[in-house]
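Welcome! Have the sequence and the 3D view ready, and work through these exercises one at a time.

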Amino acid sequence: MANEAPHFVVGHKNPDSDTIVCAHVLAWMYRQITPDSRATAIRLGEVNRQSAWLFQQAGCELPVFRKSCLYRADEIAKPVPRVDADCSLREALETMQRAKTDFVAVVDKENCPLGVISDRTQRTNYLLQCNVEDFVGTLLNFDHIISGLPLEALDDKPPPRIQRLEVPLHKSDVSGNWDEGTAIVIGDRELFLERINQHLPGAVIVTGVSTTRAREIADQLKCSTYYFGGSVISMLTRLPGCFPASAAMVEEFAAVEEKAREDELGRQLKDSHWGLMVLDSEGRVSGAISAMDILNLKRPLISLVDHSERGQSIDGLQDAQIVEIIDHHRLGDIETIQPLSIDVRPLGSTASILYDRILEEGIELPTSIAKLLLGALISDTLLLTSPTCTQSDIRRAKELAKLADVDLQEFGIEVLRQNDELGTASPQALVRRDCKRFTSEGVSFLAAQIETVDLKTLTEQREYEISEAFSSSIHADGVAFGALMITDVVESRSRIIILSEDEKWQQIHLPADVRKSNQLWVEESFVSRKKQLIPLLLNNIKASLQG
């Protein structure tokens, strides 16, 4: 994924049906235009019942959940070579070089890490340059030498327990001062053969001759005999590579979980000389990350739908490239370095805009996509009754109903009914489900909306529970106040609740007659957060600052 920049299509946090549908449909549209498009729809939160129902009706998969557009470790990681603890140091280093990585992971049978081997570690460099004979019988046994060089057994005698090597290169070296714990390295010297048979060592390694000659020599010897195809010097040069991986590996290594974000990786890479090992949820090795892997990352491309407020958007937006905004709300505070495409229209839903975009591209609209777009349009316009709904929205809804093969009124009522959880969902879920953060004149606040088909469901106890949950959200977000509208979509009326730790916001926002009568604030023909509630709040904030 990190070789080419991903393209995320993102709605706002606490997603409603319009934002979830539009993320899905825009990504789908790009893939229709360009089959190899990397456009991927993602969602920033749990979907509500209405959205889940819509996608089920359409037979479509919901966008994947993701909090940040920053890369995860598993998206950056490259395959890392793995060896077991018994493989030779030479094999481990050659495996690392072939893979062009900074280290090789030493793993157990379950693929869990035991350590790392790298040509950059002091331990590896020490073993490659040490006097190998000092470690024969301890760190390096004869089995390691047999498999590491490798050696070919020329007889069926069992391998002895070798404690040292002896390499007589000249006549004066043939002392015969060896025992069954010694392996003698010889070439084609008859004198060596005579002396060896007089004083049998544990084993003989024949070098520098052909395979045929080696077998002839083995027939003359009475001890275990092995063959190395190269010269004596070549064999001695390769000996350090026979150390097992367990002797060379460093057990202190830096590792991260697959889901770790790139901003967390940089700090850990500073403390690692060769890179990071990436582990899956079971603690198994899945890849590796080097400093260059981080430096070579291409920034993600972002398409924003149904919002343009930074506080409502995906985490890590400042490290991505925003390429477009498609929305039907006011322009927010998102700034970009590079130019981008902006399609913001005063329509009832972002779904209406996407429907037009699909028609403009000449793409045939399948029933599933038509059903999603219709459901989103109905949800955002409250079945075409919201003040945000335009005549062109109504026209689009009728066209989409035909394409979706549904009755507009019947389907619309069911869409609204699916969103009514006023009496059943937890208060915390209700207030966070469709809650947005806004900032104006330096004042930040939350505006949440809960829809119901019957405002009578809002009992005094239920309102208390919901208010308490919303107060907790306001405190956690550190905003000045919160405005909650509980909307009866059938009667087109809303109960409005203003909550704050500072009582002045009650005085600023509550109408004078409501304050005087100490009655509940209920507004008739009041259903739109965008066109009715938000403008009211912004005007009150501005007036309070000027006054």
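**Exercise 1.** Find out whether arginine 261 is buried, partly exposed or exposed, and which partner it has in a salt bridge.

*Solution.* Start with the scale: buried means under 20% relative accessible area, exposed over 50%, and partly exposed in between (1.4 Å probe, protein chains only). Arginine 261 has a relative accessible area of 26%, so it is partly exposed. Next, recall that a salt bridge is a side-chain nitrogen of Lys or Arg within 4 Å of a carboxyl oxygen of Asp or Glu. Arginine 261 meets this rule with aspartate 263, their closest N and O atoms being 3.0 Å apart. Aspartate 263 is partly exposed too, at 34% relative accessibility.

Before going on, two notes on the model. It is predicted, so local features need pLDDT of at least 70 and side-chain atom pairs count only at pLDDT 80 or more, while totals for chains, interfaces and linings use all residues. Residues are numbered from 1 along each chain as its sequence is written, and side-chain values use heavy atoms, leaving out hydrogens and water.

**Exercise 2.** Work out which parts of the chain the salt bridge between glutamate 152 and arginine 215 links.

*Solution.* First check the contact: the closest N and O atoms of glutamate 152 and arginine 215 are 2.6 Å apart. Then place both ends, using helices (H or I, at least four residues) and strands (E, at least two), which are DSSP runs numbered from the N terminus. Glutamate 152 sits in strand S7 (residues 152-153) and arginine 215 in helix H8 (residues 211-220), so the bridge links distant parts of the chain, 63 residues apart.

**Exercise 3.** Describe how phenylalanine 445 pairs with other rings.

*Solution.* Rings of Phe, Tyr and Trp (its six-membered ring) pair if their centres lie within 6.5 Å; planes under 30 degrees apart count as stacked, over 60 as edge-to-face and the rest as tilted. This rule gives seven aromatic pairs. With phenylalanine 438, the centres are 5.6 Å apart and the planes at 20 degrees, so that pair is stacked. With phenylalanine 481, the values are 4.9 Å and 5 degrees, so this pair is stacked as well. Phenylalanine 445 belongs to strand S19 (residues 443-452) and phenylalanine 481 to strand S20 (residues 481-488), so their pairing ties together parts 36 residues apart in sequence. Both of these residues are buried. To finish, widen the view: Phe438, Phe445, Phe481 and Trp505 form one aromatic cluster.
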